[in-house]
Amino acid sequence: MTIRLPAPDGTTRAYAPRTEPLALSATGPLTSRTVFSAAHVVADPYADTTPDSPAAVDWDATLAFRRHLWSHGLGVAEAMDTAQRGMGLDWAGAAELIRRSAAEARSVGGRIACGVGTDQLTGPATLAEIRTAYEEQLAVVEESGARAVLMASRALAAAAKGPEDYLDLYGHLLRQAGDPVILHWLGPMFDPALDGYWGSPDLDAATETFLDVIAAHPDKVDGIKVSLLDARREVALRRRLPVGVRCYTGDDFHYPELIAGDEQGFSHALLGVFDPLGPLAAEAVRTLDTGDTEGFREILDPTVALSRHLFQPPTRFYKTGVVFLAWLAGHQDHFTMVGGLQSARSLPHLARAYELADGLGLFPDPARAESRMRSLLTVYGVPQ
């Protein structure tokens, strides 16, 4: 049986869904790489909200998805961009998410790192106010027992006059942090408000400032998370890191080659695309754990087409595809997002995401995924 999927040119095409999911081996710990999946939040579809309302979160489904990721040996990167920070989830919601997820991580022995930002600031802010906002969030994460990820700040990008402001502010935060943190460099393709981060729109100059921050406090930096979608730049950057400082790739276009690495090193991972790819990504890393780099690439390379599709411009709307695939896979009962972001991608885009994910065998129950896809197509008036 086939399903008719809409194409960008207004036509439809027949697609024959697969009937069996991809067969995966038993789960177990990952040993050769530290791998985090940046996880999405599940909205409460029954909440009477508007796009301007605080996020209404289905906590049971949200935490269940995190248990799914932990069960496959992945870490959870919590309250990050994938969780719609600044795109539907405000700081009050993020703080609750951090507390609940960190407690859940303790109960199951899961690895967790949580985003620290300044999104409680809703307008122009001074550098002193930005520092206070970071400190407030850092305290919440440290009190939860999770590792902190110092996220890029829209407020800092707007207020900083140059590299010295980044050096001063990050230096203060690193001195204050109780444990080593992960520094996060999110490029403007993910958030246009972060253009010119680290004091310059010139990425070479920005890289030097970023490295200066790390060099001044290497004992307080567990690693860096780089989301610039530039593999060559990431490799060059990781080769300049102090000994003991990890590079966590955030490159959703080139992750297989960056994680596999070369004779001079490799990247660990902190990736939004590992939300829908979780079990398959874990399978690939377990293969890499045995020293089988070729087998690792054979598993993970075919997923890049899906990732590039989900993260196509405007890249910041990749969350819509991530939640859509979670619904098709049965991890939640609806395709609703906080802030109404389910409308951020077109039907042809979602149809192609379904086709690519189904081709990879990502859906535990392909028949259920097909049924849900058909129900969406019916809502949009696509004849079958």
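I began with Thr303, which counts as buried at 0% relative accessibility, where buried means under 20% relative accessible area, exposed over 50% and partly exposed in between, with a 1.4 Å probe and protein chains only. I found Thr303 in the loop between helix H10 (293-300) and H11, the helices (H or I, at least four residues) and strands (E, at least two) being DSSP runs numbered from the N terminus. Leaving aside residues up to four places away in sequence, I listed Tyr255, Leu277, Leu280 and Leu360 as the residues that Thr303 touches, a contact being heavy atoms within 4.5 Å.

I noted the conditions before going on: this is a predicted model, in which local features need pLDDT of at least 70 and side-chain atom pairs count only at pLDDT 80 or more, while totals for chains, interfaces and linings use all residues. Residues are numbered from 1 along each chain as its sequence is written, and side-chain values use heavy atoms, with hydrogens and water left out.

**Whole chain**

I looked up the secondary structure of the protein chain and got 14 helices and ten strands. For the overall dimensions, I took the radius of gyration over C-alpha atoms, with the globule rule being 2.2 Å times the number of residues to the power 0.38. A compact globule of 384 residues would have a radius of gyration near 21 Å, and the protein chain, at 20 Å, agrees with this. The C-alpha atoms fill a box of roughly 60 × 50 × 45 Å along the principal axes.

Among contacts between residues at least 6 apart in sequence, 70% join residues at least 24 apart. The accessible surface, from the Shrake-Rupley method with a 1.4 Å probe and, for residues, only the protein chains shown as cover, comes to about 15,400 Å², of which 50% belongs to carbon and sulfur atoms.

For charges, I counted Lys and Arg as positive and Asp and Glu as negative, without His and the chain ends, and placed each charge at NZ of Lys, CZ of Arg, CG of Asp or CD of Glu. The protein chain has 34 positive and 49 negative side chains, and the centres of the two sets lie 2 Å apart.

**Backbone exceptions**

I kept in mind that most residues other than glycine have a negative phi, and that most peptide bonds are trans. Ala79, which is not a glycine, has a positive phi of about 55 degrees; it sits in the loop between strand E4 (75-78) and helix H2 (91-108) and is buried, with a relative accessible area of 0%. Leu229 also has a positive phi, near 55 degrees, and I placed Leu229 in the loop between strand E8 (221-227) and helix H7 (231-238), where Leu229 counts as buried at 16% relative accessibility. The peptide bond from Pro313 to Pro314 is cis, with omega near -10 degrees, and Pro314 is found in the loop between helix H11 (304-310) and helix H12 (318-328).

**Arg85**

I went back to the loop between E4 and H2, since Arg85 is found there too, and Arg85 counts as buried at 7% relative accessibility. Arg85 touches, among others, Ala79, Met80, Trp91, Asp119, Gln137 and Met151, not counting residues up to four places away in sequence. Gly115 is also one of the residues touched by Arg85, and the two are 30 residues apart in sequence and 9.0 Å apart in space, C-alpha to C-alpha.

**Helix H12**

I checked how far H12 is covered, and eleven of its eleven residues are buried, including Tyr318, Lys319, Phe324 and Trp327. The buried residues of H12 pack against H11, helix H13 (347-360) and helix H14 (366-379). Just after H12, Gly330 takes a positive phi of about 90 degrees.

**Cysteines and an exposed alanine**

I searched for disulfides, meaning pairs of cysteine sulfur atoms within 2.5 Å, and the structure holds zero. Cys114 is buried with a relative accessible area of 0%, and Cys247 is buried with 3%.

I ended with Ala215, which is found in helix H6 (residues 203-216) and counts as exposed at 53% relative accessibility. Ala215 and Pro242 are 27 residues apart in sequence and 7.0 Å apart in space, C-alpha to C-alpha.
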